[in-house]
Amino acid sequence: LFFAFSLTPSLVPRPVVFQGVVSGLSLTLGYAAGRLAQWIWSFLELPSPRPRHRRAAIVVLSASCAAVAVGFLVRATAWQNDLRALMGMDPVEDIRPLTVAGVALGLFALLHTAAWQFRKVALFFAQRLRPVFPRRLALLTGLALTGSLAWTLGNGVIFAWILRTLDASYRQIDAVLHPETAPPDNPLKTGSSASLVRWEDIGRQGRAFVSSGPSAEDLAAFLGTSAMEPLRVYVGLNAAETPRQRARLAVEELRRVGAFAREVLLLVTPTGTGWVDPAALDPLEFLHRGNIASVAVQYSYLPSPLALLSHGGYGVEAARALFEEVYQAWTLLPKEGRPKLYLFGLSLGAQLSDLSFSLYDILGDPIQGALWVGPPFRSPTWRHVTAERDPASPAWLPRFGDGSVVRFMNQWGMAEPPDKPWGPFRILYLQYGSDPFTFFATSAFYREPEWLRGARAPDVLPSLRWYPIVTMVQLAADMAVGAEAAPLGFGHNFSPAHYIDAWIALTEPSGWTPAEIRRLKQHFAAYRR
């Protein structure tokens with residue numbers, strides 16, 4: 001039954017092999033749940049059915065469950081195509097049910113073998129403890145010892161080795177210098193001969209960040225009027241020893257290029273690899289006609305999920321150091337002449353940006369606001385305001401308080417009326433209802449998530465149902481493929497058009513008519529991540 005439930009749709013389409021992995025994990029967990037229930041029944045010495053009745057029940061139940069599994073396997077292609085149609089994707093002919101079943105059974109066999117080895121070790125410990133403890137206590141102690149040993153080996157040895165290996169690999173990738181990304185000639189660019197940061201020390205994602213984006217000429221050609229050259233500052237991990245030193249270097253580079261004289265200063269917290277989404281930053285530079293400076297500091301080489309697992313605390317330290325150094329420099333400027341200061345973060349960057357400052361520290365001289373996109377489910381402020389939302393609003397598009405400070409929006413707009421006034425300090429969340437990074441929950445193991453109750457988000461299938469244990473496995477798998485499996489505007493793949501709407505709501509750039517905004521969205525319509 002768990003295998004059958006795993007074939008139902010979740011938040012984003014799943015590739016064939018991934019579907020096999022999800023089904024294999026669900027099959028294993030379902031088998032484990034049944035064996036655990038059977039063991040507890042036996043351990044408590046509760047009465048069991050007679051052998052003849054037991055055999056008959058096994059035959060009937062096995063045949064019924066097999067029929068359900070086959071039926072769900074046949075229906076799986078239609079479910080996936082329903083989800084693809086909802087997201088505007090082409091249908092698939094089939095999900096190759098034999099491949100899915102083969103991968104699932106292979107993974108089940110592997111995990112089943114590992115479980116039997118675990119059982120043998122537990123019995124070994126229990127037998128050694130039997131002369132000292134009663135039989136049941138010896139067995140429970142053996143299980144506890146084996147579990148502790150498995151966790152220590154898996155998390156402290158194997159997982160740590162995997163992370164070290166991946167970190168070394170991504171570090172080498174990050175250091176590669178491609179001939180097409182030569183150091184810039186423009187002295188206003190980080191990594192140029194006039195820069196305080198060497199081109200080699202910016203890193204792969206930093207080099208892509210500072211060498212891309214619209215130039216003053218690009219902006220002038222689109223706007224039909226003169227524009228300024230947008231400023232982008234980036235400091236890589238190799239530029240200094242500590243997060244504090246890198247943050248101070250970033251502030252010095254901001255001063256060097258004249259960033260504090262611009263109209264807008266954007267403090268960017270990148271994703272785990274150091275990547276900054278061009279779909280977010282490029283439109284903002286158009287909206288403010290180039291009169292903007294952006295700064296980012298790298299804190300990791302790893303993709304966001306791995307960075308969060310390996311050194312999430314290090315990311316927090318780096319984000320806080322950058323905010324404190326930039327904020328200190330910003331508050332020393334005359335209020336009437338300094339830039340408007342905004343924060344931006346996508347995915348893990350949104351969570352770290354949230355953790356980079358305390359509201360109590362800025363109440364006396366607040367910044368203008370923050371745009372946090374696709375916030376991970378662990379983001380503290382997001383969790384709080386979602387839990388304390390207006391009960392009449394859904395979990396996937398909350399309304400919080402009077403809407404003067406915190407607001408939410410998705411592909412279809414904002415939870416608050418567009419003409420409702422904001423306060424001086426603003427936090428805007430851009431999130432999709434189909435984003436597993438935002439709506440994953442470990443509690444889905446045993447409880448239906450709030451976003452599945454009542455009205456659904458428009459990008460979530462009505463046929464999506466909660467199943468104990470299985471739904472959590474599905475959502476975890478969705479996180480692994482969320483940014484790649486979904487098209488722009490769904491899952492964890494954010495569209496420039498929605499960024500444009502978010503930036504307009506948050507920063508209120510002047511001089512833009514509805515017709516010009518439509519033209520700007522058309523300009524970015526061909527963007528692909």
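Predicted model: local features only at pLDDT ≥ 70, side-chain atom pairs only at ≥ 80, totals over all residues.
Q: What span should α8 have, going by its 15 residues?
A: You take 1.5 Å times one less than the number of residues. For α8 (residues 243–257) that gives 21 Å, and its end C-alpha atoms are 21 Å apart, so the two agree. After α2 comes Glu 45, with a positive phi near 55°.

Q: Which residues of α8 are buried?
A: An α-helix has 3.6 residues a turn, so residues three or four places apart point the same way. Buried means under 20% relative accessible area, exposed over 50%, and partly exposed in between (1.4 Å probe, protein chains only). In α8 the buried residues include Pro 243, Arg 246, Ala 247, Ala 250, Leu 254 and Val 257. Across the protein, 49% of the 529 residues count as buried.

Q: How many residues are in the largest nonpolar core?
A: In soluble globular proteins, nonpolar side chains tend to be buried together. A nonpolar core is a set of buried Ala, Val, Leu, Ile, Met, Phe, Trp, Tyr and Cys residues joined through side-chain atoms within 4.5 Å. The largest one has 106 residues, and Phe 344, Leu 430 and Tyr 499 are among those with the most contacts inside it. Helix α10 (residues 304–331) gives the most to this core, with seven residues. There's also a second, separate core of 10 residues, including Leu 73 and Val 100.

Q: What is Leu 430 in contact with?
A: Contact means heavy atoms within 4.5 Å. Skipping neighbours within four places in sequence, Leu 430 touches Leu 371, Met 409, Phe 494 and Tyr 499, among others. Gly 374 is on the list as well. That glycine sits in the loop between β5 (369–373) and α13 (380–387), and at 0% relative accessibility Gly 374 counts as buried.

Q: Is the pair of Phe 344 and Tyr 499 stacked or edge-to-face?
A: Rings of Phe, Tyr and Trp (its six-membered ring) pair if their centres lie within 6.5 Å; planes under 30 degrees apart are stacked, over 60 edge-to-face, and the rest tilted. By that rule there are 22 aromatic pairs. Phe 344 and Tyr 499 are edge-to-face, with 6.2 Å centre to centre and 65° between the planes. Phe 344 is in β4 (residues 340–346) and Tyr 499 in α16 (residues 496–507), so the pair ties together parts that are 155 residues apart in sequence. Both residues are buried.

Q: Which ring does the charged end of Arg 519 sit over?
A: The test is NZ of Lys or CZ of Arg within 6 Å of the ring centre and within 35 degrees of the ring normal. Arg 519 has its charged end over the ring of Phe 222, 4.0 Å from the centre. Arg 232 does likewise over Phe 209, at 5.0 Å.

Conventions: Residues numbered from 1 in each chain as written. Heavy atoms only, no water. Helix = DSSP H or I, 4+ residues; strand = E, 2+ residues; numbered from the N terminus.
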